[in-house]
Every structure is written in C-alpha cells, then in structure tokens.
Amino acid sequence: MGKLSRDDVLKLAHLARLELTEVEIAEFVEELSEILQYVDMLQGVDVTGLKPTNQVTGLENVTRPDTIVDYGYKPADLYKNVPAMQSDHIKVKKMIG
Amino acid sequence: MGQWQPIATIAADVQAGRVTARSIVEQSLKTIAKRSDYNAVIATLEERALSRADTIDALVGSGASAGRLAGVPFIAKDNFLVFGAETTAASNILKGFAAPYQATAIERLEAEGAICVAKANLDAFAHGSSTENSDFMTTKNPRDMTRVPGGSSGGSAAAVVLEMAPFALGTDTGGSIRLPASYCGAVGYKPTYGLVSRSGVVAMASSTDVIGPLAASVADCALVIDVMAGRDSLDGTSIENDPLGYADVTPALTGKKVGVIKEYMAEGVTAPILGIINQAINAMADAGAEIIELSLPSLPTALAVYYILCPAEVSSNLGRYDGQRFGYSFQEADTLETSYKQSRSRGFGKEAKRRIMIGTYVLSSGYYDAYYKKAQTVRTKLINEFNAALQEADFLVGPTAPDVAFKIGENIDDPLKMYLTDILTVAANLVGVPSISIPAGAVDGLPVGLQIMAAQRADRELLSFANGVEELLA
C-alpha cells in the first residue's frame, strides 16, 4: 500500500467529483504517495484487544424535542446564497447527459 | 501588551461610563487600518460594530447592565458565521457567502455585550499551519514580517499580538489555535472537545474541531471561555459546562503534579526551545509543583493517526460544496455532474483538494479497514496512554511546536513537512483533552510557546494552573 498510480488518482478524483489538471495529477501522484507512506507507520502498531474510537467524550444518542424553534432567521436569508432559483426551488443542470 | 486593559477591566469601564463602547470600537478599527500590511484581517464589520457599540452605550446610559463583555471588541476567524456578514473561510468557493444565521459562540459573546469588529484570515477551510493556504493572502508574523504567523488561526493570533482587539476567536482541529499562539506570542486556548458549541462554524474534521480564544493573558481567555461554554441544542456533541465556571482563575501551583512527557522533549525539538521549556519547568518546581517524568509511547504515531482521520472527515464535510445551493457555482455546465466537478475544481484550493483526495482514498472500499479503522483504533491506544498519564499527573507539559515560526514560502512545496509542524499539538485533539499555549520566551526575538494539557473537563483547573505559570514566566 501507499503508492498511488495515475489511474488511482484519476479514480479518486472522480469519486470526489474533482477534475484535476495534468499538473495537479502529476503532483498528487507524488505527494499523496508520500503522505500515505508516512501514515503507513500505523500498520505495524499492535492494537490487539482495542476497539476503534469514534467519539471521545462518551456521548450517545443525543436528541432534542422535535419541535419548531423560531430563531428569527428567514428562508430568504438562505436563498440569497443560492446560485440559481426558480420560484422557491433551487435550479440545477440536467441530471442525465 | 500596550493599548488594551484586561477584558474584565474594559467591560467594567464601559459599564461604569468611564469610557464609551464607541470609542473602544473606533480604537480597534483604527489599529486594524493602521496595521493592514500584516494581512491579519479579511474584512472589517465597521457599520455593524459601531451600531452595536451605540446600542451598548445607550444601555449603559439608561442604567441597564450591558453584559460581562460590555463594549469589548473581538475578531472572529473567518470560518465563524456572523449573521449578515460575509463568511469565506478564506476560500474562493465561499467568496460572497452571506451568513444566513449566526454561530452560537458569536451569539453568546454578543449577548454579553462583546462586539465583533472584523473577520480574521486563515488557511482556507482551516487546512494548514501558516495561513499560506488562504485563497486570498498570507498573514505576516507580527514579530518578523518575513515569517508565517502559524495556522490555521494565523490571522487571529497576529491580530491579537498587533493589538487590533483584546481577543480573537480561533478553531483548533490539530493545533490551529495553539501553533499560531506559539509562533506569534499570544495565549491560545483549546478547550475540552465539545465545551463550546460549533454550530455556525465551518466544519473541518468534526471529531476533533473545537473553538477557543486567543488573547494577551490566560485570565482573558478564561473569561471568554466562561461566556461561550456549555450545552447547545444546535450542537449534539456539546457538553455541560463546569458549574463553578471558568472565569475565576486563581493561580494554583503548590502541590500540583506536573508530568513532563518524554516524547515531547525529544528529537525534532530544537535545543533552544528545549532550554526555554526546561527553564519553565524548573520555575514550576521552585514554585512548589511536583515534577515527574512520564512516557506516552504511542505519541510518535499521533500525527499519522491525525492525517488519516482529518482528511477522511474533511472529504466528507466538504462534500456539501457542490455549487448548487451556495458558494461558487459553474453555471456554464451542460449537466449536473459537470457542474459539480467544475464548481469544486475551480472553487477549492490545492490543500483542500489534497485532503479531499487523501480522505476519499482512506475511506474507499478495500482501504477503509487498513487506514480509517486502524487509525481509530490507534487513537484508542493513545487515549488509554493519556488517561494513564493523567492518573499520575494533574497536568502534562511540553513545547507547543518543535521550532519557531518558519519563513514564508519555506514549506509550501512540501506538504508532509508542513504537516509535521503539528506534531506536538494533534494528540490533544485526538484525545479530546484541553490544552493551552502560553508564551514562555523567545529565540532570536521569535516567540516560543509552552503547552500545558489536562484531563477532559478539567478546563477550570488547567486555566488556573496556566495562570500561575504565566505569573512565574512574566
């Protein structure tokens, strides 16, 4: 593990919905491989009997009442940031090319 | 530091009518303008700040209480949502984003009369150790303009040291408050994970992100934490605050057990920094603290754990930037997928892309167990070692960073070397314990930070102890 090919980089970019330039592809093949080789040091660490940690303060199933709270904010404040709208809907490009 | 009184004094003066909030805010805005060549601040909120100042002066005039932070100006890192103001996270993809709501931290500070005067520069999305990853500009170190201020809260740290405001807010995911505090010569506090609500703060790595203050003194940081801390129904990971609060930081050194972490005083840390930290430890001993040497054998793996977990969570948190609902949008695309790809590729900078790529890799099918799950398990090992050490000692000490601030441009082409600057700070984030960096001295005029950590939820004890150490080092 730890060494990425050009094809690996292209596949990852697609999964992450990124389109990389030729320069970026070449750089990432080198840089990501170097970073992955560094983190490979963990492969040798003995973790027998240990469970993975997902949450450090021990909280579980934090819920709040399912009620509407008025914080004073308006949908119009959200809409200001939407790139394209039609009435109260967000407009996107066609999904099937 | 010169022009600002302690925060509690400023608020008391405003409340007593000895000085107006407007004059304090104007003083802050004037300093920001005068020192703009340091690139510490992305935008000022002049109109909003002055109007809030007038509201506070009117409150005081009517004899009402204007709050514990009455008229105190502060600067928020530009990944905090301040209602109505632009929030960019120093990224092109969020340029022009008008915050549709407000961060709980800002809300709580404003409820006590504090006034947000400006938004500070950062590495875009808080990805970095120098602010060189900001999509807009690099902040300069207040002690030496050819050097970085540290990151990612570099603008916040520089702003405090340049006396633009009495305090600033930062976020700390792997060291992003403490490292710039160390490099610039400020006090930087990373509280226990969950102590301050993160609602309304641009998410980076959610299992380690915390919010905290940077200021001139431990007492100032403690007061700000006291106002911000506690449960928030808008952040499910937030925890209850200490019923005794955090503002009362009576110095407490005598009889405290201080663990010197062997792995923190090891290779990689420069000799002059080791000298300064050892001097501080000797001063603690002279003041009645009991010094013991401790070992955290898994510490050398902490950075590797972090650079799996952090990009994994980053790649997930940055998934929402798709160019459709907010942020930069490539409208010339024919299909939705092209719009996604072009919006993200044009909107994200190099470091964000790098972390998204690593994160996508370590979370992908076939590699998940070897990387992500393994890192989460080594994290458990680290937590166990910290817990054992904190049974032996009340506090753990060491340097904040292995070296002083580096030159602008020095590490920019070597991402791994840049990541290594976080080597002494990331463990506290992975374990969730509170950690503070306080100025302990200087090497050739460049500040050196002392890092002190305590057990989860021992924030009040840590701040009190740090206040005592700060007095010793003064």
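Which residues are buried in helix 3 of chain B? Keep in mind as you look that this is a predicted model. The buried residues are B:A49, B:R52, B:A53, B:I56, B:D57 and B:V60. If you look down the axis of helix 3 of chain B, these buried residues fall within an arc of 140°, so they line one face of the helix. Now turn to the face that points away from the buried side of helix 3: there you will find the exposed residues B:E47, B:A58 and B:G61.

What covers the buried residues of helix 3 of chain B? The cover includes helix 1 (7–15) and helix 2 (21–34), along with strand 2 (73–77) and strand 3 (115–120), which also belong to chain B.

As for its geometry, helix 3 of chain B runs over residues 46–61, and its 16 residues reach 22 Å from the first C-alpha to the last, close to the 22 Å expected at 1.5 Å a residue. Just after helix 3, B:G63 takes a positive phi of about 90°.

Now zoom out to the chain. Chain B has 15 helices and 11 strands. Its radius of gyration is 21 Å, close to the 23 Å that the globule rule gives for 474 residues, so chain B is as compact as a globular protein of that length. Along the principal axes, the C-alpha atoms of chain B fill a box of roughly 65 × 60 × 45 Å.

Burial can be viewed at this scale too: 65% of the 474 residues of chain B count as buried. Among the contacts in chain B with a separation of 6 or more, 76% are between residues 24 or more positions apart.

Note on methods: Residues numbered from 1 in each chain as written. Chains lettered and ligands numbered in written order. Predicted model: local features only at pLDDT ≥ 70, side-chain atom pairs only at ≥ 80, totals over all residues. Helix = DSSP H or I, 4+ residues; strand = E, 2+ residues; numbered from the N terminus. Rg over C-alpha atoms; globule rule 2.2 N^0.38 Å. Buried ≥ 20, exposed ≤ 12 C-beta atoms within 10 Å, placed from the backbone. Contact = placed C-beta atoms within 7 Å. Expected span 1.5 Å × (residues − 1). Arc of directions from axis to C-beta.
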